[in-house]
Amino acid sequence: LDNTSYYAGVDIGGTKIASIVCNEQGQVLAHLRDDTHSPVSGDLSIKRIADLIRATAARANIPPDSLSAVGVSAPGPLNVASGTIIHVPVLKWTNMPVRDLLAAELGVPVLLENDGTAAAYGEYLFGAGKDVNNLAFICMGTGIGGGIVINGTVYRGRHDHAGEFGHICVEKNGRLCACGNKGCLEAYASGTNITKIAREVFAQTGLYTEDAINAMDCMAFEKLARAGDPLALSIWNEVGQKLGLAISIVVQSLDPDIVVIGGGVSRALDLIYDTVVQSTKNNIFAILHSDLKIAAAQLGDHAGALGAAFLARGERT
Ligand SMILES: [Zn+2]
């Protein structure tokens, strides 16, 4: 028997829970996801998370009580020091002491982390940022989150929500964002909002039926753009412009080694890459230009769980 330690990571999203079990080298030995929980059901219990971790450990042939630590990546607002989720409407959780409840259920040390920060740390350790010390991560999914690693350490900020890049204002008095402010990056460049904007634009042409338009999702508009549809291309061009503007603020503030773009929308990064880079460069100080690195994330769905697992590992030692 070897002395390797094993860790589990869980990523709690609005519509799914995903878990991994990994070794000291960050190799994912097993992973599982639970898609059954619906965003409005509110029945996502601590026991279900614990069951998913136990099942994942079993799949990796590791007794759950021999896990060294468990990291939980979750949407916020949350408090890392107290291990409490303050309020997540989609889960119907308010002041939920996730860390302590899960630690009691599993008998293993647990760490709770902001999902953007956890994913940033995962990409820093094992993904697009594994050769650098300073990384900014922007996660473009149904919403837009992010995280920051400086000198190899996560930077959480005063409220554990540093790196909320989705709410950088990219248009004064612009589109209304889910956060209540106007003109946030998220209001233009999240998967949900790209779809919404594209449907509005396509509806105005009068060339498509309402049913046809409502059947088109973000990926459908991406396919149209790749096929050279000028209207779809103009929509993605605008996404690239806005993303570049937000990245310029990130780069200007942090001067990181790399800006990593993850989440479902990042599948289309190659489509808008030149626009993103140009828009970023147009808005930053010249010295930051020369070797600016903007790259797609590499860990996909595992980034948050892996990052949380290794933050929990660090906390333990
Ligand atoms: Zn916002």
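**Reading features of a predicted model**

Me: Why does tyrosine 273 count as partly exposed?

Reply: Tyrosine 273 has 29% relative accessibility, so it counts as partly exposed. Buried means under 20% relative accessible area, exposed over 50%, and partly exposed in between (1.4 Å probe, protein chains only). Residues are numbered from 1 along each chain as its sequence is written, and side-chain values use heavy atoms, with hydrogens and water left out. The model is predicted: local features need pLDDT of at least 70, side-chain atom pairs count only at pLDDT 80 or more, and totals for chains, interfaces and linings use all residues.

Me: Where does tyrosine 273 lie?

Reply: Tyrosine 273 is in helix H9, residues 269-282. Helices (H or I, at least four residues) and strands (E, at least two) are DSSP runs, numbered from the N terminus. The C-alpha atom of tyrosine 273 is 9.3 Å from that of glycine 244, which is 29 residues away along the chain.

Me: How is the packing of two helices described?

Reply: The angle between their axes and the distance between the axes describe two packed helices. Axes are lines fitted to C-alpha atoms, for helices over the stretch in contact, and angles run from 0 to 180 degrees between N-to-C directions. Here the axes of H1 (residues 46-59) and H2 (residues 98-106) come within 10 Å and cross at roughly 50 degrees. That makes H1 oblique to H2. Angles under 35 degrees count as roughly parallel, over 145 as roughly antiparallel, 65 to 115 as roughly perpendicular, and the rest as oblique.

Me: Is the crossing of H1 and H2 left-handed or right-handed?

Reply: The crossing of H1 and H2 is right-handed. A crossing is left-handed if the near helix is turned anticlockwise from the far one by less than a right angle, and right-handed if clockwise.

Me: Which crossing does H5 make with H7?

Reply: H5 passes H7 (residues 218-226) in a left-handed crossing. Their axes come within 8 Å and cross at roughly 60 degrees. Residues in the contact (heavy atoms within 4.5 Å) include Ile194 and Phe202 of H5 and Phe221 of H7. H5 (residues 191-205) also packs with H8 (residues 230-254), at about 145 degrees, with axes 10 Å apart. That crossing is right-handed.

Me: Which atoms coordinate the zinc ion?

Reply: Donors are N, O and S atoms within 2.8 Å of the metal (3.2 Å for Na, K and Ca); water is not among the atoms, so sites may look incomplete. The zinc ion is coordinated by ND1 of His167 and SG of Cys177, Cys179 and Cys184, at 2.0 to 2.3 Å. Along the chain, the donors follow the spacing H-x9-C-x1-C-x4-C.

Me: Why is the arrangement around the zinc ion tetrahedral?

Reply: Four donors count as tetrahedral if all angles lie between 85 and 135 degrees. The 4 donor atoms around the zinc ion subtend angles of 106 to 118 degrees, so the arrangement is tetrahedral. Cysteine 184 is buried at 2% relative accessibility, whereas cysteine 179 is partly exposed at 39%.

Me: What is phi of asparagine 151?

Reply: Most residues other than glycine have a negative phi, and most peptide bonds are trans. Asparagine 151 has a positive phi, near 50 degrees. Asparagine 151 sits in the loop between strands S10 (144-150) and S11 (153-154), and counts as exposed at 60% relative accessibility. As for peptide bonds, the one from glycine 76 to proline 77 is cis, with omega near 5 degrees. Proline 77 lies in the loop between strands S4 (69-74) and S5 (78-79).

Technical notes. Four donors count as tetrahedral if all angles lie between 85 and 135 degrees; four count as square planar and six as octahedral if opposite donors are over 155 degrees apart and all others between 65 and 115; anything else is irregular.
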